[in-house]
Amino acid sequence: MSAKTLYDKVWDLHQVAKLPGGSTQLFVGLHLIHEVTSPQAFAALREKGLKVICPERTVATVDHIVPTTSQLRPFEDPLAEEMLSTLEKNCHEQGITLHGLGSGKQGIVHVIAPELGLTQPGMTIACGDSHTSTHGAFGAIAFGIGTSQVRDVLASQTLSMNKLKVRRIWVSGQLSNGVFAKDLILHIIQVLGVKGGVGYAYEFAGPAIESLSMEERMTICNMAIEGGARCGYVNPDAETFSYLHNKLHAPKGIYWERALKWWKSLASDERAIYDDEITFEASKISPTVTWGITPGQGISIEEKIPLPETLPPEERQIAEEAYKYMGFTPGSPIEGTEVEVCFIGSCTNGRISDLKEAAKIAKGKKVLERVKAFVVPGSEQVAEEAKAEGLDKIFTDAGFEWREPGCSMCLAMNSDRLIGRQISASSSNRNFKGRQGSSNGRTLLMSPAMVAAAAIKGKVTDVRKLTKGNH
Amino acid sequence: MNTTASFPKGPIKKIDGDAFSLNGDDIDTDRIIPARYLKCVSFNSLGEDVFADDRNEKQGEHPFDKKENQGCNILIVNANFGCGSSREHAPQALMRWGIRGIVGESFAEIFYGNCLALGIPCATASKAKVLQIQKAVVHRNNQNWTLDISRERINNEEESWDLNIEPGPKEMLLKGDWDATSQLIANEEAMKIKLSTLPYLNNF
């Protein structure tokens, strides 16, 4: 059983009670809500005659259903409009802060909470969204919950939870040029499998992780859930503190100094005990692309789509399903696969550093004519920063569409979606069947720079070949 | 679709009814209920849309459409069922279609917790045993199946298989404590101590 890890320390600190049945009642330090998974929770609260017990510990935004073309109200889609107006009404009635459209603070919930300084080390963070694991990048214990649990947090500021085991994923060495956090996490999930993390929290550590910026760490933790781990985290360090310094909700003045001291004490002890440990070597990782229908079906750009006989027996059935759905032949290369739609954005890769990396590739180039390419910044703040740096101009000059912030075609709850069997190069997190809005649409997951390269060439391209000589 | 059956309430000791099988590992919640059906402020109409895209593709041959499976309430699945999105719309859609209990090799964590919060037990068994149960279900000629929570087993009139149900959830189901809200609210005082002592809520 794990001991003295950050997970153990934060867990212990937030235990409220032991519940009948053996679960732990855990205090939730920050509760984030959005329009898709909260309306039924508020309705259940009303049905039970309950109110929100700590409205100041819940923060709301709207992200999943917002259109990225015109965000004028009322929305063209009456169902989307109903969802947002329901959220507005619920927040207003219960005294919850809502960062709405045009506030300057709206965006994907996992992008705005860090940029506003709401996400801090040592917190427990819950949200009705599986990618809540993102916030673990700060040394928080953050996990997705269902709507019944959203109701529970609203009513009690606590949750019934069972403690996870802790697996340390140690990444030695350094990532090579043209290889990004996205490639690293796709590689880790490919090796450990999409169910490898069930029952675990993932601690990402080691020299390669320590060298990552906060935004890159967020990309890693964001996709812990794609490996089955409900939460992933990185121990807080100087990089974390430097990111947080002067953020809107970060502690200030003497409280900053006190916070630093406490935050530093949270990191896993050198002699911490883990339930499992595994090591990766960063320098051996190449740009990684998925070829199938689970985020674990990834290969390096130099590799070929695996032959069924080279896969472990338990992976063959889903591989067969993937060949058929994707229309790919085992043994053929992934490089050169033609793409029709290119999407840069999402809670995985819709932050300013992601847009910068993609813009480096797009600058002075042209998106291939037959390709539809678009960039959806993760938040209003990201959009503003990008515009200030002229990134929007670089993208539009290259033939990308520049859109308003939201979740967009990661899950296609708005009008951004694939049509028919279209195939996309996407910087998002899931390549599930039908994920991007068409029941037979196909998704290739990759880093934002790789998506930009795919847009220009019209096919899956090793981004390192486009940047040769530029380093 | 068995819309007339009432939703789970109180202690859940066993589920009597009929079982059917849905084959495949890693069936994600996007497949159980595609995102476009999440555009709703109530769960009420989700039952008819469960597995919408898969069913459309199979044109009546999907297990949820086959005539012999209508009215079934126990679902047998394979590994990592319910992976992906945290959307409770997935178990809500299954429940509103008529599912009251699920047996599988393994379940994704958030999905498992979402089911428990609705009073839907998820029981596990080894891969080999799940395949046996699926075979028996496909060839079933009697319609009387029972998922017994206290005995941790599934049986028909001829055969029986032992299953695993985690002790905590098992106790919660048997006692009717699976809806956690009232227990959580009861500890308001202890919660307030956290509120007034956690460093990050109290100027460190």
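Predicted model: local features only at pLDDT ≥ 70, side-chain atom pairs only at ≥ 80, totals over all residues.
Q: Thanks! So what does chain A have, next to a compact globule?
A: Chain A has a radius of gyration of 21 Å, which agrees with a compact globule, because with 471 residues such a globule would have one near 23 Å.

Q: And what does the C-alpha trace of chain A span along its principal axes?
A: About 55 × 55 × 45 Å.

Q: How many helices and strands are in chain A?
A: Its secondary structure comes to 17 helices and 19 strands.

Q: What share of chain A counts as buried?
A: Of its 471 residues, 61% do.

Q: Let's pick one helix. Is H1 of chain A mostly covered or uncovered?
A: Mostly covered: H1, residues 6-14, has 8 of its 9 residues buried.

Q: Which ones are buried in H1(A)?
A: They include A:Leu6, A:Tyr7, A:Val10 and A:Trp11, along with A:Asp8 and A:Lys9. A:Leu13 and A:His14 are buried too.

Q: New topic: how many residues of chain B are in contact with chain A?
A: There are 54 of them, in contact with 66 residues of chain A.

Q: Which helix gives the most to that side of chain B?
A: H4(B), with 6 residues.

Q: And what is that side of chain B like by class?
A: The side touching chain A has 23 nonpolar, 15 polar and 16 charged residues.

How values were computed: Residues numbered from 1 in each chain as written. Chains lettered and ligands numbered in written order. Buried ≥ 20, exposed ≤ 12 C-beta atoms within 10 Å, placed from the backbone. Helix = DSSP H or I, 4+ residues; strand = E, 2+ residues; numbered from the N terminus. Contact = placed C-beta atoms within 7 Å. Nonpolar A, V, L, I, M, F, W, Y, C, P; charged D, E, K, R; others polar. Rg over C-alpha atoms; globule rule 2.2 N^0.38 Å.
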